[in-house]
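This briefing concerns a single protein chain. Please consult the sequence and the structure shown below while reading the points that follow.

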Amino acid sequence: TYSNALIATIHFVILSTAFLCILPTGMMISLLRAYLSGVVTFIWLMYCCIMVTSNIVSYVLRYHHPKHDDADDTDNGEMTGRPVSIICTTVCSKMSCLCSRSSPEVCFKLPCSAIITLLLVVEGILLLIPVFASAPCYTSLNDGIIDEVFPNASSIAINPRPTAFSFGQYVLPGSFSLLGLGHDNNNADDPNNAVKTFKYKDGCVPECELDIHTPKGGEIPSSGYPYIFHIHGGAWDYGAKSAPTTPISYWLDRGYAFVSIQYRFPSQTPGGATIFEIMDDVSDAFTYVTDNGTEEGLDATRALFFGDSAGGQLACTVAYRLGVPEIRGVMNLYGATEAEYYVQSGGGGLDDLIRDKGLLPKDASDEEYAAASCSTYAASDSPPILTLHGTWDTIVPMFMNEYLHEVVDSFGVPNLLVKLPMAEHVFEVGFYSIGGQITVYAMERFVAARLL
């Protein structure tokens with residue numbers, strides 16, 4: 001009975017996760033799916049391997065072993081007298097059937113082994129659909145599409161991932177590591193992370209501060225460290241600096257510095273705050289780093305803006321609005337970059353969020369929407385941009401960034417939009433998830449192409 005309950009529980013977990021893999025389920029379930037899909041696929045593979053192996057060994061010992069004795073067979077088909085055969089037969093019978101011995105008639109009416117086999121096939125198909133659906137994406141990356149847009153990106157990248165997706169890393173060890181072996185964002189415990197916090201302006205709630213992370217103990221390059229300028233997401237109203245999904249230490253290990261900023265939140269600011277005030281916070285933070293970063297070992301002439309979701313909108317819009325040569329590129333993860341185009345296309349949910357938070361007035365004009373859109377500031381000398389977006393994003397529709405890249409492309413600016421099939425918002429969580437591997441592969445090459 002206990003073994004039946006365990007087998008039933010295993011199949012319930014596998015099948016539930018398998019269905020999560022193929023359904024557009026929203027961001028929170030998507031986060032759970034990202035962490036579970038790899039480990040559950042590993043469990044499914046181990047289940048199949050154990051069941052198949054036990055069947056084969058049991059069959060060989062039963063019918064082909066030279067010491068086989070028909071008298072050893074019992075009525076229920078189990079073999080006595082040989083421990084290996086007994087163990088394999090028992091494992092096989094338990095994993096291949098959910099019936100209890102007290103009700104053999106159920107097994108007679110429902111061929112249990114066939115049902116379990118069919119269930120495993122269905123589970124495997126569902127679990128592997130996202131892997132195969134993402135194949136065009138990671139295959140195009142492996143074929144060098146990044147190097148076509150940003151020349152020599154792979155050759156100059158420092159210790160890059162060799163492939164955009166590894167199934168082995170997806171199921172093991174990635175299944176058991178949320179952020180990646182050897183990488184985390186626990187700055188206090190990271191021996192390679194020298195972090196300092198600075199206040200770049202007054203009058204913000206929470207405090208307008210920024211963290212400058214540099215490799216600890218290494219010799220500072222004569223020109224200083226090129227740096228990634230990170231703006232966190234969180235619907236412009238929550239989130240925290242220095243907590244990106246790709247670990248900061250990953251970039252430090254490759255010779256980059258990492259700057260992450262905090263901006264004001266409308267819900268915590270007396271009288272609220274508009275999206276333009278938040279954009280000004282980002283601009284002021286960048287000005288502070290440009291003016292003072294050299295003292296902390298940064299190369300103030302080599303910065304790359306990076307943001308996700310709301311942070312993607314801020315990174316792209318502010319970088320393009322500033323239009324300075326010190327900004328060498330923009331990395332945009334599913335950013336809500338095109339407020340004007342979104343509203344013109346009939347979007348409502350994101351527009352309501354922006355208005356409800358007071359980021360834009362209730363009666364905002366077309367000019368105000370345009371001022372909060374990245375494409376408004378696009379020009380022939382705008383920095384190159386890399387965007388990654390999930391085709392199943394239910395929070396920030398992908399058509400916003402498709403439009404952005406059409407505009408940027410019309411100015412002749414190098415750009416690449418990577419579309420991840422069946423991926424939701426925040427698809428890059430889990431260092432070895434499908435989205436996590438693809439994101440790191442693309443970003444590290446783009447960063448190298450623009451900063452090295």
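The model is a predicted one. Its salt bridges come to a count of 13, and a buried leucine, L127, has its own set of contacts.

- L127 belongs to helix α5, which spans residues 112-133.
- With a relative accessibility of 0%, L127 counts as buried, because the cut-off for that class is under 20%.
- Beyond its neighbours within four places in sequence, L127 is in contact with I14, T17, A18, C21, V40, T41 and W44.
- T41 lies 86 residues from L127 along the chain, yet their C-alpha atoms are separated by 6.4 Å.

- K201 pairs with D281, and their closest N and O atoms are 2.9 Å apart.
- K201 is located in the loop between β1 (193-199) and β2 (209-215), whereas D281 is in helix α11 (residues 275-292), so the pair ties together parts that are 80 residues apart in sequence.
- Both K201 and D281 are buried.
- A network of salt bridges links K201, R264, D281 and D284.
- K199 forms a salt bridge with D202, with 3.1 Å between the closest N and O atoms.
- K199 is partly exposed at 40% relative accessible area, while D202 is exposed at 58%.

**Salt bridge between E402 and K419**

- The closest N and O atoms of E402 and K419 are 3.0 Å apart.
- E402 sits in helix α16 (residues 399-410) and K419 in strand β8 (residues 415-420), 17 residues apart.
- Both partners are partly exposed, E402 with a relative accessible area of 25% and K419 with 39%.

Definitions and conventions. Residues are numbered from 1 along each chain as its sequence is written. This is a predicted model: local features need pLDDT of at least 70, side-chain atom pairs count only at pLDDT 80 or more; totals for chains, interfaces and linings use all residues. Side-chain values use heavy atoms; hydrogens and water are left out. Helices (H or I, at least four residues) and strands (E, at least two) are DSSP runs, numbered from the N terminus. Buried means under 20% relative accessible area, exposed over 50%, partly exposed in between (1.4 Å probe, protein chains only). Contact means heavy atoms within 4.5 Å. A salt bridge is a side-chain nitrogen of Lys or Arg within 4 Å of a carboxyl oxygen of Asp or Glu.
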